[in-house]
2 protein chains.
Amino acid sequence: MMNTACKISTFNPISQFFFFTSNPSKSHLGIHQRQVALKSGRACCSSSWNLSCSSRATTVDDAKKTLVIGLGADSGCGKTTFMRRLTSVFGGKAEYLKNGNPDSNTLVSDTTTVICLDDYHLLDREGRKLNGLTALHPKANNFDLMYEQINLLKQGVSVEKPIYNHSTGCLDPPEIIHPPKILIVEGLHPMYDPRVRELLDFSIYLDISDDVKFAWKIQRDMKERGHSLESIVASIKTRKPDFDAFIEPQKQYADAVIQVLPSNLVPNNEDEKKFLKVRLIMKEGIKYFDPVYLFDEGSTISWIPCGRKLTCSYPGIKFAYTPDTYYNNEVSVLEMDGQFDRLHELMYVESNLSNLSTKFYGEATGQMLKNGDFPGSNNGTGLFQTILGLKIRDIHEHIMSEKNNRPTSDITKFLQPAYA
Amino acid sequence: MMNTACKISTFNPISQFFFFTSNPSKSHLGIHQRQVALKSGRACCSSSWNLSCSSRATTVDDAKKTLVIGLGADSGCGKTTFMRRLTSVFGGKAEYLKNGNPDSNTLVSDTTTVICLDDYHLLDREGRKLNGLTALHPKANNFDLMYEQINLLKQGVSVEKPIYNHSTGCLDPPEIIHPPKILIVEGLHPMYDPRVRELLDFSIYLDISDDVKFAWKIQRDMKERGHSLESIVASIKTRKPDFDAFIEPQKQYADAVIQVLPSNLVPNNEDEKKFLKVRLIMKEGIKYFDPVYLFDEGSTISWIPCGRKLTCSYPGIKFAYTPDTYYNNEVSVLEMDGQFDRLHELMYVESNLSNLSTKFYGEATGQMLKNGDFPGSNNGTGLFQTILGLKIRDIHEHIMSEKNNRPTSDITKFLQPAYA
């Protein structure tokens, strides 16, 4: 069966060289891809232009090296909203990369660049169909290239990154990505490959429970896009084995997990999981990442702020905080069940949280209000995304400060491929 | 049937006059007792010496007037321990009244006097038996005299208070009680009579759940005193209707209730209710009494301090705090389940409680340690008794300060019997 959906890439590499490396031949990205035995359509996606990807060194200044954040989740789990909140904390407005492919997945702001790891799909939609693979399967993704390019960006080297076109399902010609201050790599597999995982300065996993995911898909695909219930159920069913095998296990590696569950405040929680219980699971012992806590660090707390001083409407808000273990790691868990009605509730909550890494009193609330039209702004998803944005800014500042206080390193040691 | 157990009192009143009253005849305590139709033995208890009780004014200085605290509970519920903790907070050591009846029930320290309301029994043990009344029944108690004498003490007037001899079950000749700085009236009925209730500047009820009360009685009466299980069960059964009718309803009037329940931390809580859940129910809106709170005033909190910073042994400690309603009153409830093992646990807890009315950091812990050999020192009964001691000291100081800042009142207005 031929892949007729995608045209062969017409992209012509113009800057196909590699800078400052002890073994140029090894750095040729096409050569060092893992060899996978896959049936390809017209080879438009899985071979031709991957070989054409190139990299350029734009800077070798150690102090300017890029902080790399990984964000893992299934599709349709709110990664885009999260990215917008993150970039908002850094002060800029995120926009899709201009002057390139209008179907580019890359968001860029003054300080951050968000790349979508779908761009490292090894197979286009047709190719996946031919091989009977979902996009979730590692064989459908190019981890060698993913590692190579993230590593280069981290060292301050521009790369020409492929584009997976979500509209057409094709692999489009690459776009040039310059190393930002903060690189966020979001997608299905940021923590799957150990080499990529090693590059991450901080990693987050969005863990949406099956119940909630189903409710969200119903809302988006059925009510907004007119899909049938049967097709949604079938799609979930098809993806489930690969999701369980390759995506979900990554959460054990994440420094922070945002877990989204149905609310416990509402009996049976019908009404399409409108009310959510969201948990922020924060790994202990991560440098520059001091977990947020409620009232008393290290103890177990539950807190219903609605009472004499704060009147909340049904079903109210309940917070919890506890130390715990998660995949054999010591973690702190902050939990919010229910939703906010008004500003003063949010301020009241912020005033009782510690280690928020805000620069001034009320900054978290300010961020939430500024992005009040984003989905989840009245519940724990918005709050915890905002908090993680503040924490990442803090980590970035600490690392920059640390780097500025030491002599510039020899760039060559960073450019040695770790897997060579 | 004759009462042969008690001798007729040989007490000869020597100071039978009443000072500063507009109607001397009305103040004669024997006359103004409520008339009760009761069968008496040789009248030794219920009539003869009641008529002989007299009062002396020792001071009329308004600023020195006595603060009156009521403490209600069933017998065997730890009132004596509580009294020792209260007097300890005030700095003195409580001792039984010297130079009088060795069976006196009155505890005296530098600042406080604790009188036992059993001394206002109208009927001795034999008389109660004859009339088929328990000591819990209002008819077995002399509320007129109770009111009259507490009122006088409150105005700074000494009284000659009867003594109920718990050893013999007789009403012994009275003892002279001088007005202290703080008068604590403890017993079965401090809040039963509305006139007496009105005299209380602060009132406390010890509410021991049936389960715990039974376990305590087994411990004391069976294991320590050799009573049979059957006799204990029979005694509880006999007292229960009057307890439910006349004693327990008083808790609705208390400014603070200490409620003692079996622990929820231990499955089924066997082992004779060794582990307790204790709740301190504090009425809102009481002048000079700001309820203690945990972390966030007016919200609902649960807190397990045992965790990373504090390691507690089985079954651990759990605190809770919540606003609530109690007999249609707004209250704040502080709850402690489980028990302390070591000093640093106590300090840690104290550091997270607010409105404790301590004079220095760690004072509550210091008090608990000082009286570490008292029953309940490792659980919520000891902690909450200590806290109420601190609160009462605070109330006393506020009231004294208030009185010192206003002109001395005309004493006569205080000596008008309120029920005349």
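**Salt bridges, a core and a surface patch**

Reader: Which residue does the side chain of Asp74(B) meet in a salt bridge?
Author: Asp74(B) has a partner at 2.3 Å, N to O. The partner is Arg239(B).

Reader: Okay, and what pLDDT do local features need in this model?
Author: Housekeeping first: residues are numbered from 1 along each chain as its sequence is written, chains are lettered from A and ligands numbered from 1 in the order in which they are written, and side-chain values use heavy atoms, leaving out hydrogens and water. This is a predicted model, so totals for chains, interfaces and linings use all residues, side-chain atom pairs count only at pLDDT 80 or more, and local features need pLDDT of at least 70.

Reader: Is Asp74(B) buried or exposed?
Author: Buried means under 20% relative accessible area, exposed over 50%, and partly exposed in between, using a 1.4 Å probe and protein chains only. Asp74(B) has a relative accessible area of 4%, so that makes it buried.

Reader: Where does Lys79(B), the salt-bridge partner of Glu186(B), sit?
Author: Helices (H or I, at least four residues) and strands (E, at least two) are DSSP runs, numbered from the N terminus. Glu186(B) and Lys79(B) meet at 4.0 Å, N to O. The pair links parts of the chain 107 residues apart, with Glu186(B) in strand β8 (residues 182–187) of chain B and Lys79(B) in helix α4.

Reader: How many residues apart are Lys161(A) and Glu175(A)?
Author: Lys161(A) and Glu175(A) form a salt bridge, their closest N and O atoms being 2.9 Å apart. Lys161(A) is in strand β6 (residues 157–164) and Glu175(A) in strand β7 (residues 171–177), both of chain A, and the separation is 14 residues.

Reader: How many salt bridges are there over all chains?
Author: Besides the pairs above, there are others to count. By the salt-bridge rule, the count over all chains comes to 37.

Reader: Which residue of chain A makes a polar contact with the side chain of Asp296(B)?
Author: Asp296(B) lies in the loop between β12 (293–294) and β13 (300–304) of chain B, and is buried because its relative accessible area is 4%. A polar contact is a pair of N or O atoms within 3.5 Å; within protein, one must be able to donate a hydrogen and the other to accept it, and residues adjacent in sequence count only if both atoms are side-chain atoms. At 2.4 Å, the side chain in question is that of Tyr348(A).

Reader: Which residues touch the most other members of the largest nonpolar core?
Author: A nonpolar core is a set of buried Ala, Val, Leu, Ile, Met, Phe, Trp, Tyr and Cys residues joined through side-chain atoms within 4.5 Å. This one holds 118 residues. The two in question are Leu383(A) and Leu383(B).

Reader: Is Leu229(A) buried or partly exposed?
Author: Leu229(A) is found in helix α9 of chain A. Its relative accessible area is 37%, so Leu229(A) is partly exposed.

Reader: How much accessible area does the nonpolar patch of Phe214(A), Met222(A), Leu229(A) and Val233(A) have together?
Author: Patches are made of residues with over 30% relative accessible area and no salt bridge: like charges are joined within 9 Å, nonpolar side chains (Val, Leu, Ile, Met, Phe, Trp, Tyr) within 5 Å. Here α8 (210–224) and α9 (229–247) of chain A each supply at least two residues. Accessible areas come from the Shrake-Rupley method with a 1.4 Å probe, and for residues only the protein chains shown count as cover. Together the four have about 280 Å².
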